[in-house]
Structure formats: C-alpha cells, structure tokens
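Hi,

Have a look at it first, then read on.

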Amino acid sequence: MNSKHPSADAATCAAVFVDRDGTLHPDVAYRSSPEALALFPRVAESVARLNQAGLKVVLVTNQSGIARGYFSLKDLEAVHAALTSDLARAGAWLDDVLFCPHHPDDGCRCRKPRPGMIEQAAARHAIDAAGSYVVGDQLCDIELARGVGAKGILVTTGPRADDAPAGRHATRDMADFVAPCFFDAVSWILRDRARSLRPGPPREKAPSAGC
Ligand SMILES: [Mg+2]
Ligand SMILES: [Zn+2]
C-alpha cells in the first residue's frame, strides 16, 4: 500500500525493553520494598540518553513473588514509584512499566521469555519489535529478544554471572552484544541505531518521527 500517511500505519517506533533486577539495580531475591533500591552507576543517565534519542523505554519484569505471596501489588508499585523518581532526578523516564505477576507454573503469556509484555507494549505504543532491543541479565531476556526478532543485549551485572559455564556461554552466544553494565549496553544500542539510520537506500520515514 502506498500510503501518504505512513505514521498512520502501525509499528513505527523503536523501543528498548529493559529488565529490572540485575540490570538496573542489584537483584535482591523477591525485592518487596523500595528502601534498599539503589540503581547501578550511570543507569539514570543512560535511560535519559535513550529518552533523548527518541527511543521508547519500557520496563519488562517477571515478578512471580506476587503469585508466590511474598509481596503485594501495592509493594511492587511502591518499588516502581521509587525507581521512577530516581530516574526523574536525572531527567529520565520510563514510557511504560510492565510486569508479569504470575507463577512460572501458571502458563501465562507474559512471563519472559514469552512475548506477552512486548506484544502489549507494541500495541499500546506502535512499537516495531523487530527494530527494537531487549536488555537484561538472564537467558530469558535474550530468548525474549530472539522470540520477537529484536536484538538482545546481555548485561553481566546480575547474580547469574557465576552460573555454570555452559549455561553462561550459551546465553552469551545467543546475545547480540554482551555488556559489562547498563551504560555500555545503551552506548552499543545508540551506535547500532546510528548505523542502521545512516543514509543509504531511501526510507519512507524516519523511525523516530511521530513517536
Ligand atoms: Mg534480571
Ligand atoms: Zn504472566
């Protein structure tokens, strides 16, 4: 179709889907209160760089602690409110916050590596998942990226960095890039975007316009 209004066509924004625990701050098992939340160095600044680049930033986190009864939805919201205000102090924001509250045995569609959260965000924000990125510290994050055709960036700041070498190497091999921290993951994404947007064959529309 030769539309004169490409922005009316779906899926034109690129996004960075960001894991929470072990990626933005240390992974404390079943974190239920915001008190101990301390972002890794330069995380807020990094999110701001993505914001400035016109990329959507969407948190996607598995929080089975809710289904397990370890903490409540209200507790989770308090953690996310604290995270949001930490980011805001650096002029950074999350365009959306999505979480899976289910137990692994529930067979839901939203628990990573299943694609439900990305599908939901893509529908809500007209995101082109295949032109997007997933950053996380675990195999499920990289599998999520693979499943939706996005690029997967593994950060080695999570507690699984000392997993059995075989599993660790498999995850690294599957990732498009392995970064020592979130800041470096974002630098790679911004370079990758610049490469893909470099003038070449004419494009119908700059991907960030109208997002
Ligand atoms: Mg994680
Ligand atoms: Zn779920």
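Ala126 sits in the loop between H3 and S4, and its phi is positive, about 55°, even though it is not a glycine. Is Ala126 buried, exposed or partly exposed? It counts as partly exposed, because it has 18 C-beta neighbours inside 10 Å, and a buried residue needs 20 or more.

Before going further, please keep in mind that this is a predicted model. The mean pLDDT of the chain is 88, with 82% of the residues at 70 or more. Residues 1-9 are a stretch to treat with care: the pLDDT is below 50 there, and beyond near neighbours in sequence the stretch makes six contacts in the model.

Now the overall layout. The chain has six helices and six strands, and from the N terminus on they run β-α-β-α-β-α-β-α-β-α-β-α. Of the 211 residues, 35% are buried. If you take the contacts with a separation of 6 or more, 70% of them are between residues 24 or more positions apart.

The strands form an open sheet of six in the order S3-S2-S1-S4-S5-S6, with parallel pairing. Which strands stand at the edges? They are S3 (96-100) and S6 (177-179); each has a single partner strand, so one side of each is left without a neighbour in the sheet. From one strand to the next, the twist averages 20°.

Helix H3, residues 116-125, packs on this sheet and touches S1, S2 and S3. The direction of H3 makes about 155° with that of S3.

Here is how some of the strands pair up:

- S1 (residues 15-18) runs parallel to S2 (residues 56-62), and four bridges join them. Val18 stands opposite Leu59 in S2.
- S1 also runs parallel to S4, this time with three bridges. Val16 has Tyr133 in S4 as its bridge partner.
- S4 is joined to S5 (residues 151-155) by four bridges, again in parallel. Tyr133 turns up here too, opposite Lys151 in S5.

From S4 the chain goes on into H4 (residues 139-148) and S5, and together the three make a right-handed β-α-β unit. The buried residues of H4 are Leu139, Asp141, Ile142, Leu144 and Ala145. After H4 comes Gly149, with a positive phi near 80°.

The largest nonpolar core has 47 residues, and the ones touching the most other members are Ala15, Val16, Phe17, Val18, Val58 and Val135. What does Val58 contact, leaving aside its neighbours within four places in sequence? Its partners are Ala15, Phe17, Val18, Leu94, Asp95, Asp96, Leu98 and Ala121.

- Arg42 lies in the loop between S1 and H1. Its phi is positive, near 70°, and it is not a glycine either.
- Val28 is in the loop between S1 and H1 (43-52). With 13 C-beta neighbours inside 10 Å, Val28 counts as partly exposed. Val28 and Pro159 are 131 residues apart in sequence, but their C-alpha atoms are 8.9 Å apart in space.
- Pro113 is in the loop between S3 and H3. Which form does the peptide bond from Lys112 to Pro113 take? That bond is cis, with omega near 15°.

Cheers

Terms used:
Residues numbered from 1 in each chain as written. Chains lettered and ligands numbered in written order. Predicted model: local features only at pLDDT ≥ 70, side-chain atom pairs only at ≥ 80, totals over all residues. Pairing = 2+ DSSP bridges. Helix = DSSP H or I, 4+ residues; strand = E, 2+ residues; numbered from the N terminus. Axes fitted to C-alpha atoms, helices over the stretch in contact; angles between N-to-C directions. Contact = placed C-beta atoms within 7 Å. Right-handed = clockwise from strand over helix to strand, strands pointing away. Core = buried A, V, L, I, M, F, W, Y, C linked by C-beta atoms within 7 Å. Buried ≥ 20, exposed ≤ 12 C-beta atoms within 10 Å, placed from the backbone. pLDDT = per-residue confidence, 0-100.
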